[in-house]
Amino acid sequence: CRAPIRYHADGSITPRAQRFLPERAQSLARAVEEKVARVRANLPSGRVAPYARRMYFERTLAFMNAHGARPVIVINPIHPAVLAVLKKDGFAARRAAALEYLNRLQRRLDFVVVECEDIGTWGGSTDDFLNATHINSRNMKRMLEYVVAHSDGALA
């Protein structure tokens, strides 16, 4: 199985692969406006049921631990305009529930969580997004430096 989206070694998406992104954005401003509209409309995501996601996630972490790895989970950055709308729509409660889930999971699995959702935390720039949900290589470099520094030695 090969995904149509390709990544650079630093984790950023290759320019050619950007055409496969869900937004298929012509411009950052338009992509952000479209994402904000979808959040406001609360459209279904079409993703796998939460239970199935959690089961797969937990099995994946257990597999990594069994092979001596200590995964680093990065909470992805969200464009500030989108994050502002999310915060008005009960996002804080959902975010808190997700972080509580991760905290409970850390009692039996070994992993690190690095929060990068708010670009102000790691010195990100609103101009350095490819679209509403993907940062470019300049922001990726900033974020990865932050992630390594806050990975509790897992990436040292």
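Is Asn 136 buried or exposed? At 9% relative accessibility, Asn 136 counts as buried, where buried means under 20% relative accessible area, exposed means over 50%, and partly exposed is in between (1.4 Å probe, protein chains only). Keep in mind that this is a predicted model: local features need pLDDT of at least 70, side-chain atom pairs count only at pLDDT 80 or more, and totals for chains, interfaces and linings use all residues. Residues are numbered from 1 along each chain as its sequence is written, and side-chain values use heavy atoms, with hydrogens and water left out.

**The chain as a whole**

- The protein chain has six helices and four strands; helices (H or I, at least four residues) and strands (E, at least two) are DSSP runs, numbered from the N terminus.
- Going along the sequence, you read off α-α-β-α-α-β-α-β-β-α.
- Of the 156 residues in the protein chain, 31% are buried.
- Take the contacts (heavy atoms within 4.5 Å) with a separation of 6 or more: 65% of them are between residues 24 or more positions apart.
- The accessible surface of the protein chain is about 10100 Å², and carbon and sulfur atoms account for 55% of that; the areas come from the Shrake-Rupley method with a 1.4 Å probe, and for residues only the protein chains shown count as cover.

**Helix α6 and its cap**

- Helix α6 covers residues 137-149, so to speak a run of 13 residues, and reaches 18 Å from its first C-alpha to its last. That is close to the 18 Å expected at 1.5 Å a residue, the expected span being 1.5 Å times one less than the number of residues.
- Which residues of α6 are buried? They are Asn 139, Met 140, Met 143, Tyr 146 and Val 147.
- An α-helix has 3.6 residues a turn, so residues three or four places apart point the same way.
- Cover for the buried residues of α6 includes β1, β2 (112-115), α5 (119-122), β3 (129-131) and β4 (134-135).
- On the face turned away from the buried side, α6 carries the exposed residues Lys 141 and Ala 149.
- Asn 136 sits in the loop between β4 and α6 and caps the N-terminal end of α6, with a side-chain oxygen 3.1 Å from the backbone nitrogen of Arg 138.
- Beyond its neighbours within four places in sequence, Asn 136 touches Asp 127, Asp 128, Phe 129 and Leu 130.

**Arg 70**

- You'll find Arg 70 in the loop between α2 (50-66) and β1 (72-75), partly exposed at a relative accessible area of 29%.
- Its side chain makes a polar contact of 2.9 Å with the side chain of Asp 110 and another of 3.0 Å with that of Asp 152. A polar contact is a pair of N or O atoms within 3.5 Å; within protein, one must be able to donate a hydrogen and the other to accept it, and residues adjacent in sequence count only if both atoms are side-chain atoms.
- Leaving out neighbours within four places in sequence, the contacts of Arg 70 are Asn 65, Asp 110, Phe 111, Val 112, Ser 151, Asp 152 and Ala 154.
- Arg 70 and Phe 111 are 41 residues apart along the chain, yet their C-alpha atoms are separated by 5.2 Å.

**Arg 30**

- Arg 30 belongs to helix α1 (residues 28-41) and counts as partly exposed at 35% relative accessibility.
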